[in-house]
Amino acid sequence: MTWDDEYDVVVAGSGAGAMAGAFAAASGGLRTAVLEKTDLLGGTSAYSGSAIWLPGTRVQARAGIGDSAESARTYLRALLGDGTAAHREAFLETAPELVDFLERDPAIEFEWRAFPDYFDAPGRLDMGRSFVPLDLPVERLGDLAGLVRPPVDRDRAGRGHSAKPMAQGRALIGRLLLALTATGNGTVRTGTALTGLVVEDGRVTGVRAVTADGPVRLRASRGVLLAAGGFESSAALRGERGVPGGAEWTMAPGGANTGDAIAAAVRIGAATGLLDQAWFCPGLLAPDGRPAFTLGFRGGLIVDGSGRRFANESLPYDQMGRRMAAAQGPFHLVFDARSGGLPAISVPPLVPDDQLASGAWVRADTLAELAARIGLPADALTATVERFNGFAEKGVDEDFHRGEDPYDRYFSGGGSCLAAVDRPPYYAAKVVLSDLGTKGGLRTDPDGRVLDGSGRPVPGLYAAGNTSASFTGPVYPGPGIPIATAMAFAYRAVQEIRR
Ligand code: FAD
């Protein structure tokens with residue numbers, strides 16, 4: 001076999017799992033290459049809030065919040081049962097070790113941030129257990145800064161980073177990039193898309209990839225880690241697998257995550273699971289037709305195609321998304337002048353005037369007029385809003401229990417999240433079923449080894465993040481689970497590679 005370049009470990013993708021795995025491999029002395037299909041590192045991870053749900057670590061201990069692996073186990077077990085207990089235990093065991101490892105590097109530091117767990121279940125921490133990386137001054141990255149994918153609004157507009165410190169997902173990717181670079185063993189190859197896996201004598205020994213200069217074959221003498229996102233941006237695969245929502249409505253960066261790594265592994269016999277699942281969320285349509293991930297509803301109500309409410313709008317976003325998948329659209333958020341703008345948080349932030357000019361939002365002086373403008377029966381919408389306003393007055397949502405859970409009230413500072421919609425003008429905003437990525441993919445064992453159809457590890461092949469089937473199944477337990485699990489299983493894969 002002839003190779004264009006030789007490494008010990010090749011990592012496909014550059015999200016949080018990929019970068020954590022690459023850093024772990026390189027810091028252990030392995031020559032490591034990160035292959036990234038686009039020109040920018042970080043994928044959806046860079047867009048994220050970078051909440052990280054790794055329980056029972058030094059970060060929660062520093063914050064004095066009384067978290068532990070035991071309470072996290074109780075919580076996960078209550079939500080997921082014991083069907084994926086081996087993965088759960090591996091995850092819990094790895095969390096403190098991973099954080100110790102990461103924070104040993106001078107580039108990486110985290111702090112706990114209040115954000116409630118998503119379910120009322122034993123072991124829940126009402127103020128949450130997830131943490132975030134500290135902001136990162138752009139200057140610390142020097143020339144590397146331009147490699148990190150900017151926040152979603154700037155990225156969609158083709159703009160780079162502002163002069164402000166990198167925050168959230170950008171800080172996480174930037175910090176991991178600094179740490180990887182400092183090992184002296186890491187190579188980052190942007191504009192390099194994995195297209196296939198090379199198998200010799202039953203073992204994965206390298207990858208095929210395409211670059212602007214043509215195809216390359218790269219050796220990975222110790223292992224290949226696939227962490228190249230899910231297939232959220234492939235309309236064809238979503239249709240085939242029945243993932244609700246749409247490729248045009250995913251929050252993942254423009255078209256990159258099309259399931260290439262999953263397909264490459266399937267071609268050599270890897271097994272898959274959970275392929276109809278995603279990390280769902282409501283998305284408000286922006287003027288460019290892309291969605292804005294929307295959460296934390298403090299006011300307004302969401303109606304379905306018949307003008308009726310169908311769920312507690314303040315539910316954690318994945319649960320709200322699942323209610324949307326079971327309901328009949330089109331969906332609209334109806335709100336009024338009371339909050340002086342959107343009564344929720346959207347990523348990216350939306351500019352009301354632009355929304356109105358584009359038609360993504362409409363405005364009217366009466367509910368009947370608003371209903372006519374969005375094609376709903378006026379009596380149905382008016383009745384829904386009147387009933388909702390009655391609940392707001394009583395402070396009790398008799399239909400969907402909005403406001404009864406600490407999560408619902410978190411975004412209104414612990415106060416009520418039920419506010420009457422009665423101050424004209426009224427607004428209706430188009431809402432679509434969006435997602436933060438698919439969560440089905442390659443089946444792996446608790447050490448990140450990709451399994452074949454008979455449950456045996458494919459030698460030399462590992463997967464993490466949305467390229468792999470999540471052990472959380474159709475459940476999104478708390479803020480930071482996607483990134484935490486991606487990092488933990490990438491780290492475990494590298495420990496396995498090093499053994
Ligand atoms: P990605 O981060 O998308 O990385 C995949 C990378 O692989 C991309 O860069 C892509 O270009 C590259 N790639 C694709 N195909 C190939 C190929 N053939 N070859 C090489 N490279 C390839 N999750 C949390 O845990 N905490 C949060 O706070 C949080 N907040 C979020 C906020 C927003 C606004 C959004 C959009 C998401 C958020 N999420 C959060 C969800 C989370 O960001 C994603 O689910 C997770 O980051 C996915 O990680 P990944 O590594 O699987 O994929």
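Colour the chain by pLDDT, the predictor's confidence in each residue on a scale from 0 to 100: this is a predicted model, the mean over the chain is 97, and 100% of its residues reach 70 or more. For the complex, the predictor gives an ipTM of 1.00 and a pTM of 0.98. Residues are numbered from 1 along each chain as its sequence is written. Local features need pLDDT of at least 70 and side-chain atom pairs count only at pLDDT 80 or more, while totals for chains, interfaces and linings use all residues, and side-chain values use heavy atoms, with hydrogens and water left out.

Next, select residues 85–104, which form helix H5; helices (H or I, at least four residues) and strands (E, at least two) are DSSP runs, numbered from the N terminus.

The whole structure has 24 aromatic pairs, counted where ring centres of Phe, Tyr or Trp (its six-membered ring) lie within 6.5 Å, with planes under 30 degrees apart called stacked, over 60 edge-to-face and the rest tilted. Phe101 and Tyr491 form a tilted pair, 5.4 Å centre to centre with 40 degrees between the planes, and this pair links helix H5 to helix H16 across 390 residues of chain.

Stay with H16 (residues 481–498), which gives the most to the lining of the largest cavity, with four residues. A cavity is a set of points on a 1 Å grid over the protein atoms alone where a 1.4 Å probe fits but cannot get out, and lining residues have an atom within 4 Å of a point. Select Gly465, Ser468, Ala469, Ser470 and Thr485, which lie nearest its centre among 14 lining residues.

Finally, inspect the backbone at two prolines. The Gly329 to Pro330 peptide bond is cis, with omega near -5 degrees, and Pro330 sits in the loop between helix H11 (317–326) and strand S13 (331–335). The bond from Val347 to Pro348 is also cis, with omega near 5 degrees.

Key:
On a 1 Å grid over the protein atoms alone, a cavity is a set of points where a 1.4 Å probe fits but cannot get out, and a pocket is an open set with protein on both sides within 12 Å along at least five of seven lines; lining residues have an atom within 4 Å of a point. The expected span of a helix is 1.5 Å times one less than its number of residues.
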